[in-house]
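Q: Could you take a close look at the aromatic ring pairs in this model? I would like one connected account of where they sit.

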Amino acid sequence: MAVRNVVRMGHPTLRQVAEPYPIGEIGSADFLELVGDMRETLHAYGGIGLAAPQIDVGYQLAVIEIENAMTRYGEVETIPFSVFINPVVTVISPDPAGYWEGCLSVPGMMGFVERPQHIEISYLDESGLACKRQLTGFLATVFQHEFDHLQGRLYVDRLKDPSLFAFEDEYRAYHLTEDVSEPARNNE
Ligand code: ZN
């Protein structure tokens, strides 16, 4: 297993619609190596999510792991390291909520984005089993951010307002409300 290089905004792979992961390959040596590398890379970079295009692999596969349930948005459900293959997002309620998002492919920056806050996802897990799951609130944002990567989209495409796009230091100095604790790094 190895830590892969995370490509940054401007790299063409981040702007391509990824190919569905070949179902027959799930569980293969190549699959296990890819997932293992994504896990090591996620940990090395200190993120909570990573999509294959972020390591220049053009497949619809993402990993998410949320260990620390306390974020600047309060307590969220922890998610053990999980693999999401060929995910589809269905909006249950279009009512939006906004969060400041960061991205390992846009290092040092934060941006305020509104997204639907009740979704259902359908995907294959690392065993190839078809799964469905509903998500609300901050987790709905995390999953939509991650799965956007599989469609060639970045959160900067969805900024509510260009003035709400900031370097991390300025975000902390001027945009982080004082009633919350040290911001979690919600890099995805
Ligand atoms: Zn991202």
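A: W100 and Y171 are both buried (under 20% relative accessible area, where exposed is over 50% and partly exposed lies in between, with a 1.4 Å probe and protein chains only). The model is predicted, so local features need pLDDT of at least 70 and side-chain atom pairs pLDDT 80 or more, while totals for chains, interfaces and linings use all residues. Residues are numbered from 1 along each chain as its sequence is written, and side-chain values use heavy atoms, leaving out hydrogens and water.

There are 10 aromatic pairs, counting rings of Phe, Tyr and Trp (its six-membered ring) with centres within 6.5 Å, stacked under 30 degrees between planes, edge-to-face over 60 and tilted for the rest. In one of them, Y99 and F138 are edge-to-face, because their centres are 5.4 Å apart and their planes stand at 70 degrees. Since Y99 belongs to strand β5 and F138 to helix α2, this pair ties together parts 39 residues apart in sequence (DSSP runs numbered from the N terminus: helices H or I, at least four residues; strands E, at least two). Y99 is buried at a relative accessible area of 12%, and F138 is buried at 5%.

W100 and Y171 form a tilted pair, 4.9 Å centre to centre with 50 degrees between the planes; as W100 is in β5 and Y171 in helix α3 (residues 168–175), it ties together parts 71 residues apart in sequence. Elsewhere, ring pairs link F84, Y123, F143 and F147 into a cluster.
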